[in-house]
Amino acid sequence: MVYGPDLAVSATLGGYVSAGDRYRCSAIDPTPYNGVDALAGDIDGGESVYLLTRVDQPAATVSGSIRYRSATYSLSGSSLPGAAAGYSFNRAASVADVAGNWSLNELGGGTIALSIGSDGRVSGAISGLLRPHAAGVNMFELALPYLGGRALAYPLATGQWQLLLWWWHAGPMEDLFSVAIGRR
């Protein structure tokens, strides 16, 4: 889950919440912390959180809560911020929609340039293969030489496309998580 000032008008991330292997969508006891909330200024650290979500696919909504050590907040959401009318997550992704050159803003600062070919080959700051998700939803899987990731692209009401990319890569002592967003 990513968040920012207003993803409908700005391709800038404020942070992300990542749930670990112990993430359970139907958890009843919200005692253990199962994830981390990392802010743009502190991408290597972050605060432990407990994330509980319920997704209603037919209605395209999400609800739940996020609990920090100091407080619990309700979560709710529906369509992607700024998405064009007619966009649907419940149809297969198409590489043709994302082929081209992208400039993405990374969480924590910095910009990365990517080129996505019509065959799904990704080159630039990272290299790999982007292919439609096996589940037939409007998301991509990103195969990288070291680990992997996912991407979500959608048309905006302005006519631009927005790409959200998140991936794991090998670090000097442990695997690292990165997230970036951009438009073309």
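How many aromatic pairs does a search of the whole structure find? The search, run on a predicted model, finds two.

The setting is a protein of 184 residues, of which 37% are buried. Contacts between residues at least 6 apart in sequence were examined for their span; 38% of them join residues at least 24 apart. The accessible surface comes to about 9800 Å². Carbon and sulfur atoms account for 54% of that surface.

Of the two aromatic pairs, one joins Tyr68 and Tyr73. Their ring centres lie 5.9 Å apart. The planes meet at 75 degrees, so the pair is edge-to-face; the cut-off for this class is over 60 degrees. Tyr68 is buried, with a relative accessible area of 16%. Tyr73 is partly exposed, at 47%.

Tyr87 and Tyr154 also form an aromatic pair. The centre-to-centre distance is 5.9 Å, and the angle between the planes is 55 degrees. This pair is tilted. Tyr87 lies in the loop between strand E6 (72–77) and helix H1 (95–98). Tyr154 belongs to strand E12 (residues 148–155). The pair therefore ties together parts that are 67 residues apart in sequence. Tyr87 has a relative accessibility of 18% and so counts as buried, the limit being under 20%. Tyr154 is buried as well, with a relative accessible area of 4%.

Methods:
Residues are numbered from 1 along each chain as its sequence is written. This is a predicted model: local features need pLDDT of at least 70, side-chain atom pairs count only at pLDDT 80 or more; totals for chains, interfaces and linings use all residues. Side-chain values use heavy atoms; hydrogens and water are left out. Buried means under 20% relative accessible area, exposed over 50%, partly exposed in between (1.4 Å probe, protein chains only). Contact means heavy atoms within 4.5 Å. Accessible areas come from the Shrake-Rupley method with a 1.4 Å probe; for residues, only the protein chains shown count as cover. Rings of Phe, Tyr and Trp (its six-membered ring) pair if their centres lie within 6.5 Å; planes under 30 degrees apart count as stacked, over 60 as edge-to-face and the rest as tilted. Helices (H or I, at least four residues) and strands (E, at least two) are DSSP runs, numbered from the N terminus.
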